[in-house]
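Please read the numbered points below alongside the sequence and the model.

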Amino acid sequence: MRLSCSARNKLLALSSSLLLLAMWQLLALALHSPTLPTPAKVGHSFWQATVSGELPYHLGATLLRLLASFGIAMLLGCAIGILLGKNQTLNAFFDNWLVMFLNIPALVTIILCYIWFGLEESSAILAVVINKLPNVIVTIREGARSLDKDLLEMAQSYRFGKRKTFVHVIWPQLHPFVMAATRSGLALIWKIILVVELLGRSNGMGYQLHIFFQLFDVAGLLAYSFAFIAIIQLIELTILKPMDRKIQRWRR
Amino acid sequence: MSDIRISIANKVYGSTQQDDQFHHAIAELNFTVHPDQFVCLVGPSGCGKTTLLNMIAGLDSHYEGQIDVGRSGIIPSIGYVFQNPRLLPWHSVRQNIELVFAGQPKTELIDGLLDSMQLRDVEHQYPERLSLGMQRRVSIIRAFAVEADILLMDEPFVSLDAPTARQVRSLLYSLWQQRPHTVLFVTHDLREAIALADRLIFLSPSPMRIVSDIGVDIARDQRHDESRIEYFREQLLRHHPEIDGLL
C-alpha cells in the first residue's frame with residue numbers, strides 16, 4: 001500500500017520524535033545522573049506541577065506578558081515601519097536611532113527599565129517592547145519600501161481614498177512582512193520575557209526557572225520548558241498557519 | 001459627456017540640463033478632445049504618450065501648462081486602462097471591479113459588463129489564474145464600470161497575440177458603442193487606431209509634439225472590414241508622408 005505524501009511526512013516526523021525520545025532515554029539511563037532525568041521523570045514532574053496549579057499559574061503570567069508586549073510592539077512597529085518606509089525624510093532622520101536600538105543588548109534594556117521605572121509590571125512590558133520594536137519596524141519598513149507603485153497609481157487614478165487604499169492595496173502587500181515579524185517576534189519575545197522575569201518578577205516562567213536552577217531541579221526545568229514550547233507550537237498551528245493559508249489563498 | 005483640453009508648455013524630467021536624468025518629454029502640446037470622441041494617439045515607443053495619460057489622470061502634476069477635463073471646478077472621474085492590467089491579485093475579478101465604486105457597487109451594471117466581455121463564468125476567480133487576454137478584459141470592464149467622464153487607454157492590447165487582440169478590440173468597440181465615452185487611446189499600431197478612432201493624433205519622438213491631426217471618415221458600421229481599413233491606411237501614408245517615420 002502506497003502512502004500519500006502528507007501521511008509519509010507525518011510518519012517521518014513521528015518517527016524522528018520517537019528516535020529523539022529513545023536517545024534521550026538511553027543517555028539518561030547510561031549517565032544515571034540527576035542532571036539528565038529520564039523522559040518519564042520529566043513527565044511526572046510536569047503532571048505534578050499541572051495538578052498543583054503551579055504550572056498553569058506561572059505559564060499564564062508569562063503568556064499574559066507575551067500577549068501585552070507582543071501586541072504593543074506589533075501595533076507600534078507596523079505604524080512606524082509604514083511611516084518610515086513611505087517617508088524618506090523621516091527615515092533618514094530616524095535611521096540612526098533604529099540602528100542603535102537594534103544593537104542594544106536585551107539585558108541592558110531590561111536592567112535600565114528596572115532601574116529607571118522600578119521593579120514594576122509596566123517596566124517589564126516596556127523592556128520587552130523596546131527590545132522587539134526595532135525588529136518589527138525594520139521588517140515592515142522593508143515591506144513599505146517594496147510596495148507595488150503600479151497598484152498604488154491604479155488606486156490613485158480610481159480615487160480609492162486613503163482608507164480603501166490602505167485596506168485593499170497596501171495591507172495585503174505587507175502581509176508576508178507582518179507574518180515574518182510575527183513569527184520572529186514570538187520566538188524572540190518569549191526568550192526576552194524569561195530574562196525579564198528572572199531579573200525582576202515574582203511569578204512567570206523565568207522566575208520559576210530561576211528557582212529550579214537554584215535547586216538544581218532539571219526535571220522541573222525541562223517540564224516547564226516543554227510546556228511553553230508546546231503552547232508556542234499550538235499558537236503557530238491553530239492561529240498563525242490557518243491565518244496564513246486564508247490570506248494567501250489567492251496565490252497559485 | 002466631457003471634453004479634455006490640453007495645453008502643455010513643457011514637461012521635463014530632471015531639474016537642470018546638466019542633470020544625468022534630464023529628459024525633455026513634451027513641448028508645446030495643445031489639443032482638445034471633444035465629448036464622446038474616440039481619439040487615438042499614435043507615436044513611436046518612448047515618445048511620452050504614457051506620460052501624457054498619467055498627467056491627465058492626475059498621477060503626474062510636475063509640468064508647465066494646464067489640463068482641463070469636463071467642467072471647471074469639478075474633479076472628473078477617470079477610467080484608466082493601463083498597459084499591464086494592474087488588477088489586485090488578492091481580490092477576485094468581481095471584487096476588483098466592485099472596488100472602483102465610491103459607494104455601493106452597481107450589480108446590474110457589473111453583470112452586464114461581465115456578460116459583454118464574456119467573463120461571467122470567471123467572475124469569482126483570482127486574476128493570476130486567468131490568461132493575460134482575460135485580465136485585460138477585466139481591466140477594461142473596471143474602466144467602464146466607473147461610468148467615468150473620460151476613458152484613458154494605454155496600449156491595452158500590447159503583447160496579446162493577434163487573434164486575441166482582435167477579439168478584445170471588437171469587444172471593446174461594441175462596449176464603447178453601447179456606452180459612449182470620451183476616449184484617449186494610445187497605440188503605435190496604425191491599423192488598430194484606424195479601426196477604433198474618430199480622430200488620429202500623430203506625435204513626434206521626444207520632446208513630444210503634434211505632427212498631424214487627422215479625422216477618420218470610415219463609417220462606424222464598416223470598421224470591421226479589414227480591406228477598408230487597409231485602403232485608408234495606404235491613403236493616409238501616401239498623403240501624409242510626415243507620419244511614416246513615426247510608426
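1. In this predicted model, the C-alpha centres of domain 1 of chain A and domain 2 of chain A lie 31 Å apart. Domain 1 covers residues 1–32 and domain 2 covers 38–247, with bounds taken from an automatic or database domain assignment. Five residues from each of these two domains take part in the contact (heavy atoms within 4.5 Å).

2. About 390 Å² is buried between domain 1 and domain 2 of chain A, 85% of it on carbon and sulfur atoms. Buried area is the accessible area (1.4 Å probe) that two parts lose on being put together, summed over both. On the domain 1 side, W24(A), Q25(A) and A28(A) supply 86% of the area buried against domain 2 of chain A.

3. Across this interface the rule finds zero salt bridges (a side-chain nitrogen of Lys or Arg within 4 Å of a carboxyl oxygen of Asp or Glu).

4. The largest nonpolar core has 92 residues; I6(B), L52(B), I56(B), L184(B) and L200(B) touch the most other members. Such a core is a set of buried Ala, Val, Leu, Ile, Met, Phe, Trp, Tyr and Cys residues joined through side-chain atoms within 4.5 Å, where buried means under 20% relative accessible area (1.4 Å probe, protein chains only). A second, separate core of 37 residues includes I82(A), C113(A), V136(A) and I140(A).

5. Among the residues that L184(B) touches are I4(B), F31(B), V39(B) and M153(B), not counting residues up to four places away in sequence.

6. Residues are numbered from 1 along each chain as its sequence is written, and chains are lettered from A in the order in which they are written. Local features need pLDDT of at least 70, side-chain atom pairs count only at pLDDT 80 or more, and totals for chains, interfaces and linings use all residues, while side-chain values use heavy atoms, with hydrogens and water left out.

Technical notes
Buried means under 20% relative accessible area, exposed over 50%, partly exposed in between (1.4 Å probe, protein chains only).
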